[in-house]
Amino acid sequence: MKDKLKAKKTAKKWLSILKLLVLLIVVVGIPVYIYFKYPDFFEQFQSMESVNAFLEQYHAESFFVYYGLQIIQILLPVIPGQFIQFAGGYLYSFWPAYLVAIAGAATGTALSFCLARILGKDAIHLIFGEERINRFVEKLNSKKAFVIILVLFLFPGFPKDFVSYAAGISEIKLKSFLMVSLIGRTPAMMGTIMMGSMLRTGSYVGLIILGVITVILFIWCIWKRNVFLEYVDRLYEKFVK
């Protein structure tokens, strides 16, 4: 009996180590390898012009590359998503760019969520920090999870891809998380893609108006954040009950 328990503990230990290695390879190893093997790769995603040039070299297949980039920038947070979406609006116009972008975001979010769920807490703690993750997972396990996720994805500049990994080791279900996160991603994504589309058509007045409206809405949301949170909380209660 003791030998069996010891064997199980040993197997569990090695499995945990294997999981840690897999996550390290995906989140750290791949970006580091690309950085040293292809030092110019990440520079291609630091501006709209460089992303455009990268996509245009693939011609008709660029739609699939654009979709792949959306997935990769969620799995590998070192790649900024805003320039990719902006370039998509510029190259493909609004609706085609948005549909491909939201499909890529859904795929990338689901993959990071499932990757975290498969690899477990130990692996995620190692990458993002145990205290930070536990604090966030505790919130995701509360009845306020719906509100928290929606607000975090709506808030510009917050590291949303970190949320996907944290959600994977929480009690929240993939379907619920995916639905709320995509709703939260949509406003900023649509705005960025629309700006790129307007730049392509030379709608500079519309571009300025959209920028002003975005700033006003952002300020208004901060000012009315309590009202907004109460409204979202009521929606959550309806979904749950």
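**Close-up views of a predicted model**

**View A. Ser-197 is a buried residue.** At 13% relative accessibility, Ser-197 falls under the 20% cut-off and so counts as buried. The model shown here is predicted. Ser-197 sits in helix 10. Beyond its neighbours within four places in sequence, Ser-197 contacts Gly-89, Tyr-90, Ser-93 and Phe-94.

**View B. Helix 8 packs on helix 10.** Helix 8 spans residues 145-154, and helix 10 spans residues 174-201. Their axes are 7 Å apart and meet at an angle of about 30 degrees. Angles under 35 degrees count as roughly parallel, so helix 8 is roughly parallel to helix 10. The crossing is right-handed. Helix 8 contributes Phe-146, Ile-149, Leu-150, Phe-153 and Leu-154 to the contact. From helix 10 come Phe-177, Met-179, Val-180, Ser-181, Ile-183, Gly-184, Arg-185 and Pro-187. By type, the contact residues are 10 nonpolar, 2 polar and 1 charged.

**View C. The largest nonpolar core holds 29 residues**. Phe-45, Leu-55, Tyr-66, Leu-69, Ile-84, Met-189 and Ile-193 touch the most other members. At least two residues of this core come from each of helix 2 (48-56), helix 3 (62-75), helix 4 (81-92), helix 5 (94-119) and helix 10. Helix 5 gives the most, with 8 residues.

**View D. Met-189 and its surroundings.** Met-189 is among the core members that touch the most others. Setting aside neighbours within four places in sequence, Met-189 is in contact with Gln-85, Tyr-98, Ala-101, Ile-102 and Ala-105. Another core, of 28 residues, lies apart from the largest one. Its members include Val-26, Phe-128, Phe-146 and Ile-172.

Conventions:
Residues are numbered from 1 along each chain as its sequence is written. This is a predicted model: local features need pLDDT of at least 70, side-chain atom pairs count only at pLDDT 80 or more; totals for chains, interfaces and linings use all residues. Side-chain values use heavy atoms; hydrogens and water are left out. Axes are lines fitted to C-alpha atoms, for helices over the stretch in contact, and angles run from 0 to 180 degrees between N-to-C directions. Helices (H or I, at least four residues) and strands (E, at least two) are DSSP runs, numbered from the N terminus. Angles under 35 degrees count as roughly parallel, over 145 as roughly antiparallel, 65 to 115 as roughly perpendicular and the rest as oblique. A crossing is left-handed if the near helix is turned anticlockwise from the far one by less than a right angle, and right-handed if clockwise. Contact means heavy atoms within 4.5 Å. Ala, Val, Leu, Ile, Met, Phe, Trp, Tyr, Cys and Pro count as nonpolar, Asp, Glu, Lys and Arg as charged, and the others, Gly among them, as polar. Buried means under 20% relative accessible area, exposed over 50%, partly exposed in between (1.4 Å probe, protein chains only). A nonpolar core is a set of buried Ala, Val, Leu, Ile, Met, Phe, Trp, Tyr and Cys residues joined through side-chain atoms within 4.5 Å.
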